[in-house]
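This briefing is meant for a reader who is meeting the structure for the first time. Please look over the sequence and the model before reading the points that follow.

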Amino acid sequence: MKRTKGRQKRSSELGISMLEIMVVLAIITLIAGLAAPRVIDNFGRAKSQAAEIQLNSLNGALRLYYVDVGRYPTEAEGLGSLLVAPSGLDGWRGPYVEDEEELLDPWGRDFLYRSPGQSKPFDLFSYGRDGQAGGTNEDSDIYL
């Protein structure tokens, strides 16, 4: 005699069918397909905003350099003079940045420095994601 008291028979209605799993996966795929472009766009925008913040930080470092030395770095000295004192320069009290990474834009290229600038004592900028002048969105130039 079999004991079935206390045990319930397994029903075919219990559990999840393969069709239900496939429907759920299809819905998840659709949602991800709609959300991914927005997430990627926001990530690109975040890099551009990070570049602007870094440019402002470098601007402050250049102004401190000016206060100490009495002039901005020449174009030949470049932004590297914020990290290492140019030879024969009196008054340098740097380093004005912590490391070489602060001299790189979010895409891993050097920030560009021009002295004298077009309308200011210096121009400080990045060419954006594509590394070339001009462009739109992530590829647009970022000037201080």
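**A buried leucine and its surroundings**

Leu82 touches Leu58, Ala61, Leu62, Tyr65, Trp92, Pro95, Tyr96, Val97 and Leu103, when residues up to four places away in sequence are not counted. The model is a predicted one, and the points below are grouped by topic.

**Leu82**
- Leu82 lies in the loop between H1 and strand S1, the latter spanning 112-114.
- Because its relative accessibility is 0% and buried means under 20%, Leu82 counts as buried.
- Leu58, one of the residues that Leu82 touches, is 24 residues from Leu82 in sequence, while the two C-alpha atoms are 8.9 Å apart in space.

**Cis peptide bonds**
- Most peptide bonds are trans.
- Gly94 and Pro95, however, are joined by a cis peptide bond, with an omega of about 5 degrees.
- Pro95 is found in the loop between H1 and S1, and Pro95 is also among the residues touched by Leu82.
- Ser115 and Pro116 are likewise joined by a cis peptide bond, for which omega is about 0 degrees, and Pro116 has its place in the loop between S1 and strand S2 (123-126).

**A nonpolar surface patch**
- Ile16, Met18, Ile21, Met22, Val24, Leu25 and Ile28 form a nonpolar patch on the surface, and together they have about 720 Å² of accessible area.
- Met22, one of the patch residues, is found in helix H1, which covers residues 18-69.
- Met22 counts as exposed because its relative accessible area is 51% and exposed means over 50%.

Technical notes. Residues are numbered from 1 along each chain as its sequence is written. This is a predicted model: local features need pLDDT of at least 70, side-chain atom pairs count only at pLDDT 80 or more; totals for chains, interfaces and linings use all residues. Side-chain values use heavy atoms; hydrogens and water are left out. Patches are made of residues with over 30% relative accessible area and no salt bridge: like charges are joined within 9 Å, nonpolar side chains (Val, Leu, Ile, Met, Phe, Trp, Tyr) within 5 Å. Accessible areas come from the Shrake-Rupley method with a 1.4 Å probe; for residues, only the protein chains shown count as cover. A salt bridge is a side-chain nitrogen of Lys or Arg within 4 Å of a carboxyl oxygen of Asp or Glu. Helices (H or I, at least four residues) and strands (E, at least two) are DSSP runs, numbered from the N terminus. Buried means under 20% relative accessible area, exposed over 50%, partly exposed in between (1.4 Å probe, protein chains only). Contact means heavy atoms within 4.5 Å.
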